[in-house]
Amino acid sequence: MNIGRNDPCSCGSGKKYKRCCLIRQELDAQAQAAIEEAEFQEWLAKDLVIGQQNMRDAELIRQAIPRTEELI
């Protein structure tokens with residue numbers, strides 16, 4: 001059962017849902033979205049650092065292994 005914006009709030013306050021718990025739920029949803037965005041940005045930054053480290057490691061390996069043409 002969906003609560004309409006103009007229905008009485010289910011918390012029992014006597015207020016309309018739009019003037020009571022709807023606002024809190026919208027704020028909670030916005031806060032959750034902000035948290036998820038921050039977590040994603042943190043993951044992305046860590047992934048970028050790991051990628052840069054892997055690229056440096058790959059370059060060091062390439063420099064350490066002599067090319068086949070040089071051995072012949």
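**Cysteines, core and helices**

Reply: A disulfide is defined as a pair of cysteine sulfur atoms within 2.5 Å. By this rule, the count here is zero disulfides. This is a predicted model, in which local features need pLDDT of at least 70 and side-chain atom pairs pLDDT 80 or more, while totals for chains, interfaces and linings use all residues. Residues are numbered from 1 along each chain as its sequence is written, and side-chain values use heavy atoms, leaving out hydrogens and water.

Me: Are Cys9 and Cys21 buried or exposed?

Reply: The general idea is relative accessible area with a 1.4 Å probe, protein chains only: buried is under 20%, exposed over 50%, and partly exposed in between. Cys9 is buried at 7%, and Cys21 is buried at 12%. Over the chain, buried residues make up 7% of the 72 residues.

Me: Which residues make up the largest nonpolar core?

Reply: A nonpolar core joins buried Ala, Val, Leu, Ile, Met, Phe, Trp, Tyr and Cys residues through side-chain atoms within 4.5 Å. The largest one here has five residues: Cys9, Tyr17, Cys20, Cys21 and Leu22. Leaving aside residues up to four places away in sequence, Leu22 touches Arg5 and Tyr17, where contact means heavy atoms within 4.5 Å.

Me: How many helices and strands are there in the chain?

Reply: Both are DSSP runs numbered from the N terminus: helices are H or I with at least four residues, strands are E with at least two. The chain has two helices and zero strands.

Me: How many salt bridges does a search of the whole structure find?

Reply: A salt bridge places a side-chain nitrogen of Lys or Arg within 4 Å of a carboxyl oxygen of Asp or Glu. The search finds two. In one, the closest N and O atoms of Lys46 and Glu42 are 3.3 Å apart; these residues lie four apart in helix H1 (residues 21-64), about one turn of the helix. Glu42 is partly exposed, at 46% relative accessibility.

Me: What of Glu59 and Arg62?

Reply: Their side chains meet in a salt bridge of 2.5 Å, N to O. Glu59 and Arg62 are three residues apart in helix H1, which means a separation of about one helical turn. Glu59 is partly exposed at 35%, whereas Arg62 is exposed at 51%.

Me: Which residues form a nonpolar patch on the surface?

Reply: Patches take residues with over 30% relative accessible area and no salt bridge, joining like charges within 9 Å and nonpolar side chains (Val, Leu, Ile, Met, Phe, Trp, Tyr) within 5 Å. Here Phe40, Trp43 and Leu44 form one, with about 310 Å² of accessible area together; Trp43 lies in helix H1.

Key. Areas by Shrake-Rupley, 256 points an atom, 1.4 Å probe, with all protein chains shown as cover.
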